[in-house]
Amino acid sequence: MVNVRRMAVIAFLLIFCVGCNKKGTEQESFFEEISINADIAPFAASVQSSQVADGTDAFPADKTFVLSVSSMGSRYFAHDFKIGDNPLKWDELSLPTDSKKIGFSGCYPKIEGSNNNVRFDITEAENKDLLLAPMVEVDKNSVNQVKLSFGHAMHKLTVNYTKNGASSDALAALSTTCTSNTVCGVNLTEGIVSELY
C-alpha cells in the first residue's frame, strides 16, 4: 500500500514538473527573437543581392523592407526591418491574447501610407522595383524561422533598340506597341497586389 502511494506521488510530481516545464518554455519563447529569413526571386536589377545555393537571391542586408504582422485578418504591427540589423521579439508585437496563428508579409521599398491598402506608382517611385513577400503563417511565439519569399510585383521595363545595319526605310517601318500597368494597389497584410490601374 505504501509503495502504491509512493508511486502515485512520484507520478503526480513528474506530471506536474513536465507541465511546468512546458509552460515555462512557452513563456520563455514569448521573449525570444523572431528568426526572419528573406529571399528574392532570381531577377532583381535594382536591388543588388547575393545568390544562395537554391538559385534564389538573399535579401540584401543593407536594404530595409516593411514587415507586416497580422492575426485573424487584422494588421497589428508594421516595422521597418533589416535582416540581421534590428531584431524583433514576440513580446513587442502587442498581438491579441487569443491569437493562435500569426501572419508575416513583406514589402520593398517602403510605400508611404497609413492604411493597409496602399498605392504604388512606378512613374513616381524612386525605386522602380516593387517586391512583395506574400503572407506566411506561423504559430504564435514559435521558435521556428519565418521564411519570406519576395517576388517582383512591378518592375520597370526598359527596351533599347539597336540598328544592326538596318536601313532607314526598314527602321521607319518598324512599329512597337507595349501596354503595361504603372500603378497598383498593395494589400500589405497579404503581401499581394490588390488592384491594377
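Is F81 buried or exposed at 4% relative accessibility? Select F81 and check: at 4% relative accessibility, F81 counts as buried. Here buried means under 20% relative accessible area, exposed over 50% and partly exposed in between, with a 1.4 Å probe and protein chains only.

Before moving on, some ground rules. This is a predicted model, where local features need pLDDT of at least 70 and side-chain atom pairs count only at pLDDT 80 or more, while totals for chains, interfaces and linings use all residues. Residues are numbered from 1 along each chain as its sequence is written, and side-chain values use heavy atoms, with hydrogens and water left out.

**Stop 1: the whole chain**

Switch to cartoon view. The chain has two helices and 11 strands, in the order α-β-β-β-β-β-β-β-β-β-α-β-β from the N terminus on. Both kinds of element are DSSP runs numbered from the N terminus: helices are H or I with at least four residues, strands are E with at least two. Of the chain's 197 residues, 31% count as buried.

**Stop 2: the aromatic cluster**

Show side chains for F59, F65, F81, Y108 and F150, which form one aromatic cluster. Rings of Phe, Tyr and Trp (its six-membered ring) pair if their centres lie within 6.5 Å; planes under 30 degrees apart are stacked, over 60 edge-to-face, and the rest tilted. That rule gives a count of six aromatic pairs. Zoom in on F59 and F65, an edge-to-face pair with 5.0 Å centre to centre and 70° between the planes. Both F59 and F65 are buried, and the relative accessible area of F65 is 0%.

**Stop 3: strand β1**

Select residues 36-40. This is strand β1, mostly covered, with four of its five residues buried. Two strands pair if DSSP finds at least two bridges between them. Strand β1 pairs with β9 (residues 146-154) in the parallel sense over five bridges; pick A38 and you'll find its bridge partner L148 in β9. Strand β3 (residues 57-58) also pairs with β1, running antiparallel with two bridges. For a landmark there, look at I40, which stands opposite D57 in β3.

**Stop 4: a three-stranded sheet**

Now bring up β7, β10 and β11. These three strands form an open sheet in the order β7-β10-β11, with antiparallel pairing. The edge strands, each pairing on one side only, are β7 (117-121) and β11 (192-196). The twist averages 35° from one strand to the next, using axes that are lines fitted to C-alpha atoms (for helices over the stretch in contact), with angles from 0 to 180 degrees between N-to-C directions. Five bridges join β7 to β10 (residues 183-187). Click V118 to see V186 of β10 opposite.

**Stop 5: the largest pocket**

Finally, select P109, K110, I111, E112, R119, F120, A125, E126 and N127, the lining of the largest pocket. Which classes do those residues fall into? Four are nonpolar, one is polar and four are charged.

Key. 1 Å grid on protein atoms, 1.4 Å probe; cavity = no way out; pocket = protein on both sides within 12 Å on 5 of 7 lines; lining within 4 Å. Nonpolar A, V, L, I, M, F, W, Y, C, P; charged D, E, K, R; others polar.
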